[in-house]
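Keep the 3D view open while you read.

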Amino acid sequence: MLDTNSWIFGCINSTSMCQQGVDLSWKAELLPTIKSLTLRLQDYPSLSHLVVYVPSIHGSKFVVDCEFFKRETRSIQLPVTHLFSFGLSSRKVKLDTSGLFYNIELLNFGQIYQAFQVNVDSKCSGVKEEITSIYKLHIPWSYEDSLTIAQVPSSTEISLKLHVAQPDNDSHVALLKMYTSSDCQYEVTIKTSFPQILGQVVRFHGGALPAYVVSSILLAYGGQLSSLFSAGHCLEYATMLDKEAKPYKVDPFVIMIKFLLGYKWFKEIWDVLLLPELDVIVLTSQSMCFPLVSLILFLFGTCTAYWGGLLSSTAVRLLSSLWLALKRPSELPKDIKVLSPDLPLLTVVLIIISWATCGAFAILLTYLYYVFKIVHLQASVTNFKNSQTVNPKHSRRSDKRCSQHKDAAAHPPRLSASEAEDSLRMHSTVATLLAWVVLLCAPSLIYWFKNLRYYFKLNPDPCKPLAFILIPTMAILGNTYNVSIKSSKLLKTTSQFPLPLAIGVIAFGSTHLYRVPCFVFIPLALHALCNFM
């Protein structure tokens with residue numbers, strides 16, 4: 001009177017015939033190629049037999065393996081290696097007994113930044129054909145079990161890493177369950193996998209990388225402004241990035257603020273100032289704070305900032321070459337006026353576009369306008385250098401005439417080639433910084449573009465307030481040259497702002513990327529104000 005879909009039963013106090021049976025199939029574990037059932041006999045004192053039901057199917061072959069064992073003999077503790085062993089050390093355990101099942105307890109394995117490589121080597125004796133062994137990683141506090149199937153004898157690699165960290169109030173241990181063959185012996189070796197640790201960092205914190213890129217660019221930008229104030233000229237972007245983008249300028253301040261927030265008086269002052277919660281505190285509460293993760297992300301962010309700046313400057317040179325090929329040769333600007341006649345009109349048009357359509361779209365147009373101005377200036381410098389090579393006497397007279405512009409009161413100041421190149425270095429950094437603002441505003445732009453057939457104006461528009469500030473700022477910076485601001489009274493203050501803002505980007509924008517553009521427009525606005533103060 002039992003369901004024939006079941007396959008294993010227990011007979012109660014039976015001798016030659018099973019009068020009363022208990023269905024045990026629901027306790028079985030269905031695995032690839034096998035069904036496994038483990039019973040604690042103390043829980044079934046009335047059972048006298050176990051019956052396996054095998055339907056008579058033509059051509060089918062079944063193998064039933066059974067063993068009795070004490071749980072303690074099959075539970076083995078294996079402490080994982082330290083995080084900073086970098087795979088140089090390992091720990092191993094040998095399974096010498098001939099059994100069908102082993103439970104390996106992975107001690108001290110509960111953080112998402114841990115990642116290991118497990119090697120299971122099997123050696124079999126008296127076996128002519130391959131036997132299937134199954135290794136199952138069981139994480140009690142989350143649903144992320146994984147199976148590995150191996151044909152023994154062989155050497156099998158298993159990756160151990162977590163999706164969810166172990167809760168503080170959970171005392172369970174991660175298990176490696178091994179369904180083995182009684183004819184084989186197994187050796188389990190575990191060691192730290194540094195590439196997989198980096199993979200975990202990218203996996204859980206890769207979204208914070210733009211914040212670290214912007215922070216590095218801000219540090220380089222501040223270094224260039226400081227160089228312009230102290231030395232009167234601007235250094236190369238790559239040079240300043242190498243000199244200024246250091247983790248010790250940012251991370252210690254974030255760590256110190258986190259420490260002070262543990263005190264009630266500082267937390268009260270923090271709340272009075274209406275400052276948001278530190279992102280690192282949010283990550284800590286979610287058990288996602290890795291050791292040295294900020295340092296790793298800062299290194300990746302600095303590398304990304306370097307290659308991004310290199311790509312930006314290369315694109316500007318290529319576009320300027322194309323400009324010279326398609327248009328007539330450009331000349332260096334005859335004057336360095338900030339407010340050209342078409343500047344107010346362009347600003348008003350872009351603001352209207354931002355109000356009527358989408359703020360991110362207006363920011364993109366502003367960025368394209370700024371790149372156009374840089375390309376035009378680069379083409380002018382390239383053309384001047386080419387003419388200097390062809391006619392050096394004429395170019396020396398031109399340089400002399402340009403260098404004496406301060407003495408000529410009747411004529412507006414002219415821009416020399418060296419001053420134009422100096423301005424290009426600053427413009428290149430600003431363009432790289434603005435490019436990341438465009439990327440961070442891209443989700444809003446994509447959403448508006450995909451729904452353009454339903455409505456023309458994005459509402460609500462999170463980028464609109466930012467666009468209203470960036471449009472006039474970038475319009476002024478597009479006509480700004482270093483020679484016109486290096487004597488500004490505001491330049492020293494402007495050069496000091498990028499450092500605290502770079503700290504703010506990491507403190508408040510690493511998990512809330514929408515805040516990052518708000519830290520970017522402040523030094524850009526101050527840079528633009530240097531033209532008037």
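Two strands count as paired if DSSP finds at least two bridges between them. Helices (H or I, at least four residues) and strands (E, at least two) are DSSP runs, numbered from the N terminus. Bear in mind that this is a predicted model, where local features need pLDDT of at least 70, side-chain atom pairs count only at pLDDT 80 or more, and totals for chains, interfaces and linings use all residues. Residues are numbered from 1 along each chain as its sequence is written, and side-chain values use heavy atoms, with hydrogens and water left out.

**Two open sheets**

Start with β7, which pairs with strand β14 (residues 184-192) in the antiparallel sense over six bridges. Within that pair, Lys94 has Glu187 of β14 as its bridge partner. Both strands belong to an open sheet of four, ordered β7-β14-β9-β12, with antiparallel pairing. At the edges sit β7 (90-95) and β12 (155-161), each pairing on one side only. From one strand to the next, the twist averages 20 degrees. For angles here, axes are lines fitted to C-alpha atoms, for helices over the stretch in contact, and the angles run from 0 to 180 degrees between N-to-C directions.

This sheet also has a helix on it: α2 (residues 194-205) lies across β9 (115-124), β12 and β14, running at about 140 degrees to β9. Contact, here and below, means heavy atoms within 4.5 Å.

The other open sheet has five strands in the order β6-β8-β13-β10-β11, and its pairing is mixed. Its edges are β6 (75-79) and β11 (146-152), each with a single partner strand, so one side of each is left without a neighbour in the sheet. Neighbouring strands are turned by 20 degrees against each other on average, direction ignored.

Strand β8 (residues 101-107) runs antiparallel to β13 (residues 174-179), and six bridges pair them. Ile104 has Leu176 in β13 as its bridge partner. β13 is also joined to β10 by five bridges, again antiparallel, and there Leu137 stands opposite Leu176. Strand β10 (residues 131-138) in turn pairs with β11 in the antiparallel sense over seven bridges, with Thr132 partnered by Gln151 of β11.

**Helices against helices**

Two packed helices are described by the angle between their axes and the distance between the axes.

| Helix pair | Angle | Axis distance |
|---|---|---|
| α12 (417-440) and α18 (516-529) | about 150 degrees | 10 Å |
| α4 (237-244) and α8 (293-326) | about 170 degrees | 10 Å |
| α3 (209-231) and α8 | about 65 degrees | 8 Å |

Angles under 35 degrees count as roughly parallel, over 145 as roughly antiparallel, 65 to 115 as roughly perpendicular and the rest as oblique. On that scale α12 and α18 are therefore roughly antiparallel to each other, and α4 and α8 are therefore roughly antiparallel too.

Which way does α12 pass α18? The crossing is left-handed, meaning that the near helix is turned anticlockwise from the far one by less than a right angle; clockwise would be right-handed. On the α12 side the contact is made by Met426, Val430, Leu433, Val437 and Leu440, and on the α18 side by Val516, Pro517, Val520, Leu524 and His527. That comes to nine nonpolar, one polar and no charged residues. For these classes, Ala, Val, Leu, Ile, Met, Phe, Trp, Tyr, Cys and Pro count as nonpolar, Asp, Glu, Lys and Arg as charged, and the others, Gly among them, as polar.

Tyr237, Ala238 and Leu241 of α4 meet Thr302, Ala305, Tyr306 and Gly309 of α8, a contact of five nonpolar, two polar and no charged residues. The crossing of α3 and α8 is right-handed. Residues of α3 including Leu209, Tyr212 and Val213 meet residues of α8, among them Leu297, Phe298 and Thr302. The classes there are nine nonpolar, six polar and no charged.

How many disulfides does a search of the whole structure find? There are two, a disulfide being a pair of cysteine sulfur atoms within 2.5 Å. Cys11 and Cys18 form one, with sulfur atoms 2.0 Å apart. This link is left-handed, at -115 degrees about the S-S bond.

Most residues other than glycine have a negative phi, and most peptide bonds are trans. Against that background, the bond from Val152 to Pro153 is cis, with omega near 0 degrees, and Pro153 lies in the loop between β11 and β12. The bond from Asn459 to Pro460 is cis as well; Pro460 is in the loop between α13 (442-450) and α14 (464-477). Thr33 has a positive phi, near 75 degrees, and is found in the loop between β3 (29-31) and β4 (34-36).
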